[in-house]
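Here are some short notes for a colleague who is opening this structure for the first time. Please keep the view at hand while reading.

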Amino acid sequence: MLLPLLTLLLTLNNYYYFSYHVSGEVVVTCSNIVPFNHRRHNISITEFGGVGDGHTLNTKAFREAIYMIRHLGRVGGTLLYVPQGVFLTGPFNLTSSITLYLAHGAVIKATQDSLNWPLIAPLPSYGRGRELPGGRYMSLIHGDGVQDVIITGENGTIDGQGDVWWNMWRQGTLQYTRPNLVEFLNSRNIIISNVIFKNSPFWNIHPVYCSNVVFRFLTILAPRDSPNTDGIDPDSTSNVCIEDSYISTGDDLVAVKSGWDEYGIAYGRPSSNITIRRVTGSSPFAGIAIGSEASGGVENVLAEHINLYSIGIGIHIKTNIGRGGYIKNITLSDVYVEDARIGIKISGNVGDHPDDKYDPNALPVVKGIIVKNVWGVKVIQAGLIQGLKKSPFTEICLSDINLHGVTGPRTPPWKCSDVSGIAHQVSPWPCSELISHQPGSCANYS
């Protein structure tokens, strides 16, 4: 086994990186923000009656195993081993200082009986369930107020069996907001790596009010027509590293959020210092998204080396009247887009409202957006940038962008309004609101 050679540690624009050599290549990573702690103690789910036959309900086994880990409190934490097999279960809560380890061929499969899914309170920054008023179903794997948690293994699978939930959504028979596959609240020092996620009922991975979170070497899958199956949604969360993953779902691959309208404004917790690197995927919606629920603010986001295929919108920064908050200091670089409806969209009229109590005078501030080194083929519309008349988007910088393909005769290559900024070497040439500047001018906004 070739061990990576640590070569460099540096700080740049509030992002923390180190690099290592693999097969002679230098690989930059942000994953050092959370230590990968090796556990001194190991237990197996089978010791608590777990049966991997795909039929036995293992909720009690998971809850008892985690209860023991929590109350023994062994120094260095404990690894909970899930062997090969299909372990049907309802939702369960994790505890601190735990590694949930899925062996090769291990599947944690969600029960489809909604009676086995507890209801929990709505998030304070949303004020209600994201889909319906009132509470929401607890995620399959849940953690609240925990730290030093690792979910990893040998590419085992966490299967949400979401089709029953998608059908309830389509038929209008949902009573509460659908559950996420994995959700952490008020937690820190979280690592999820080397796991396959599939068929989430709703969003796949949702860290909210968290800090120091790493997602690496993940595969996240859901049918293209599955509703709201976002891949990874950091929400009012800081110091996040998302790297080296493949995501193909029915909604945004990665969407950075921070609360919804008046509730997000009141809660006031931003998402910040987020790195998204070496992500590949496909979706009818966005590849990399900011918002639209960004009422607590989003800042210091870097997304680079992104490859998007059969995508609705390559890069989508979205907000709305009533959101308030801010989206600033966002850099998207080295993005490849193939077969897209829109290459780049920055819009101030996207997203619904939780209720009629939102403040129409709460206008978002969008500024300091850098998009550079983007190459696209088979892109129907190159770009759409629509700010707000009373809050124009400013300091928008486009540099070294080539978006080519199937622009139709009735669809303009770019459409802009209420925006100011600069452009350099952009093809097709963007709207007149973005003035031409010489190389290096984007540095003013970086």
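How many of the 446 residues of the protein chain count as buried, as a percentage?

1. Burial. The share is 57% of the 446 residues in the protein chain. Buried means under 20% relative accessible area, exposed means over 50%, and partly exposed lies in between (1.4 Å probe, protein chains only).

2. Basis. This is a predicted model: local features need pLDDT of at least 70, side-chain atom pairs count only at pLDDT 80 or more, and totals for chains, interfaces and linings use all residues. Residues are numbered from 1 along each chain as its sequence is written, and side-chain values use heavy atoms, with hydrogens and water left out.

3. Overall size. The C-alpha trace of the protein chain spans about 65 × 55 × 40 Å along its principal axes. Its radius of gyration is 22 Å, which agrees with the value near 22 Å for a compact globule of 446 residues. That radius is taken over C-alpha atoms, and the globule rule is 2.2 Å times the number of residues to the power 0.38.

4. Secondary structure. The protein chain has three helices and 31 strands. Both are DSSP runs numbered from the N terminus: helices are H or I with at least four residues, strands are E with at least two.

5. Four strands pair in parallel, in the order β8-β13-β16-β19. β8 (92-93) and β19 (205-208) stand at the edges with a single partner strand each, so one side of each has no neighbour in the sheet. Pairing requires at least two DSSP bridges between two strands. β8 and β13 (residues 141-144) are joined in the parallel sense over two bridges. Asn 93 stands opposite His 142 in β13.

6. Contacts. Take contacts in the protein chain between residues at least 6 apart in sequence: 75% of them join residues at least 24 apart. Contact means heavy atoms within 4.5 Å.

7. Lys 328. This residue sits in strand β26 (residues 326-347). Lys 328 is partly exposed, at 32% relative accessibility. Leaving aside neighbours within four places in sequence, Lys 328 contacts Val 298, Glu 299, Asn 300, Lys 367 and Gly 368. Gly 296 is 32 residues from Lys 328 in sequence and 12 Å away in space, C-alpha to C-alpha.

8. Thr 46. Look in the loop between β4 (41-44) and β5 (53-57). Thr 46 is partly exposed, with a relative accessible area of 43%. Thr 46 and Ala 65 lie 19 residues apart in sequence and 9.4 Å apart in space, C-alpha to C-alpha.
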